[in-house]
Amino acid sequence: MREKKRSVQRLRGSITPAAKKAGLLFLFLLLFFAADAKAGVVKVTFDPSDDALAGSRYDIRGMAVLTEGNKTYILIASNMPDPLNGNPGHESLNSPHKFIARGDILINLNCANETLFDSSKNNHLYGIRFDPENESGVQGLGVYKDVMAKSVALNNYGPKDLAQYLNLAPSAKEGDFSKKEMITLRGLQNKPLNMIDKGMKIGDVKVLSAAQLPNFEGFNLDSFKGKHNVFGVEFNTSLLNLESTSWCAHYAMECFNDSIGQEHIIPEIPQNFALVSLFMVLMTGTILFLRQRLQYRGLDGNLNSEAMKA
Ligand SMILES: [Ca+2]
Ligand SMILES: [Ca+2]
């Protein structure tokens, strides 16, 4: 009997360290992926401070796209006057609303294969109208699909085409996109698209002031503070019906004195969770198997006769 106990202890002794290591590794992976999912996916894009027409008054400085679960937040930092705080912007007599307002956010879900201009021409864009006073072609705030875009820059003292803008701002960038890429995605002789023309509403949008923005790990809001006006929009990620792992967002004010764009890469978090789940199943199976072996083995590694009878 004593010999049997010693044998089982020897067997347990040879397994425990490996099981402990595997357990710790499993715990580490679980905590890592859980923390990753909780923190969300954050990408911050900066824009030059010398590519706005008419000085720094309408300069755009940054864009951050944050996705957390089914929520997506797009933040814009610019020197644009803040209509949320009672300052609607410069007067613009040509504009129906008589002042320069904020543009719509244009989203290209297929930016790896289709330019912004072509996506608009083919009604493939998504768009977000969040300023009730701007010259958007759609009624009401919200997220829209099947969007064709338009330009309202000329109504607001802006450039008639991209070539005119680039002549006046030769060092221009559109956030993640170089001047050369801007020409490719917008077309040099085309009007600079900055507003929804037509589209179908598919969901709501919430406008958030800087104070209402969520606090995401890895996103330093202070980098956009100072004299910059920071605001954001929030909507359900599922509205975008994402099939690819990246999408591009573009933003310019009505005057198109500056523009910013971001290619937002989506880490394959669901697959990570699938891997963790698979790992969990394998670990559980291995532990159960080893425990069963322990129960079935008796003295000197021979099968336990009682267990065999069962
Ligand atoms: Ca800028
Ligand atoms: Ca720019």
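Biologist: What share of the 310 residues in this protein is buried?

Modeller: Buried residues make up 32% of them. Keep in mind that this is a predicted model. To be called buried, a residue needs 20 or more other C-beta atoms within 10 Å of its own. As for the overall parts list, the protein has six helices and eleven strands.

Biologist: Where does Lys-160 sit, and what does Lys-160 touch?

Modeller: Lys-160 is in the loop that runs between β6 (142-150) and α3 (162-168). Leaving out residues up to four places away in sequence, Lys-160 touches Leu-154 and Lys-191. Gln-189 is 29 residues from Lys-160 along the chain, and their C-alpha atoms are separated by 8.9 Å.

Biologist: Now helix α4 (residues 179-186). How do you know that its buried residues are on the same side?

Modeller: The residues in question are Met-182, Leu-185 and Arg-186, which are buried in α4. They cover an arc of only 85° around the axis, so they share one side of α4. The buried residues of α4 pack against α2 (116-121) and α3. Just after α4 comes Gly-187, with a positive phi of about 85°.

Biologist: What makes β7 and β11 the edges of the six-stranded sheet?

Modeller: Follow the order of this open sheet: β7-β6-β5-β4-β10-β11, with antiparallel pairing. β7 (195-203) and β11 (259-265) each have a single partner strand, so one side of each has no neighbour in the sheet. From one strand to the next, the twist averages 30°.

Biologist: How do you know that β10 and β11 pair?

Modeller: Two strands pair if there are at least two bridges between them. β10 (residues 246-252) and β11 have seven, in the antiparallel sense, so they pass that cut-off. His-250, for one, stands opposite Gly-261 in β11.

Biologist: Which strands does β3 pair with?

Modeller: Strand β3 (residues 71-78) is joined to β2 (residues 60-68) by eight bridges, running antiparallel. Eight bridges also join β3 to β9 (residues 229-236), again antiparallel. β2 and β3 form a hairpin with two residues between them, and Gly-69 in the turn has a positive phi of about 60°.

Biologist: What makes β3 "mostly covered"?

Modeller: Seven of the eight residues of β3 are buried.

Biologist: Last one: which residues have the most contacts inside the largest nonpolar core?

Modeller: Met-63 and Leu-75, in a core of 55 residues. Met-63 touches Leu-75 itself, and its other contacts include Ile-74, Ile-76, Tyr-251 and Ile-260, not counting residues up to four places away in sequence. In soluble globular proteins, nonpolar side chains tend to be buried together.

Notes:
Residues are numbered from 1 along each chain as its sequence is written. Chains are lettered from A and ligands numbered from 1 in the order in which they are written. This is a predicted model: local features need pLDDT of at least 70, side-chain atom pairs count only at pLDDT 80 or more; totals for chains, interfaces and linings use all residues. A nonpolar core is a set of buried Ala, Val, Leu, Ile, Met, Phe, Trp, Tyr and Cys residues joined through C-beta atoms within 7 Å. A residue is buried if 20 or more other C-beta atoms lie within 10 Å of its own, exposed if 12 or fewer, and partly exposed in between; C-beta atoms are placed from the backbone. Two residues are in contact if their C-beta atoms, placed from the backbone, lie within 7 Å. Helices (H or I, at least four residues) and strands (E, at least two) are DSSP runs, numbered from the N terminus. The arc is that of the directions from the helix axis to the C-beta atoms. Axes are lines fitted to C-alpha atoms, for helices over the stretch in contact, and angles run from 0 to 180 degrees between N-to-C directions.
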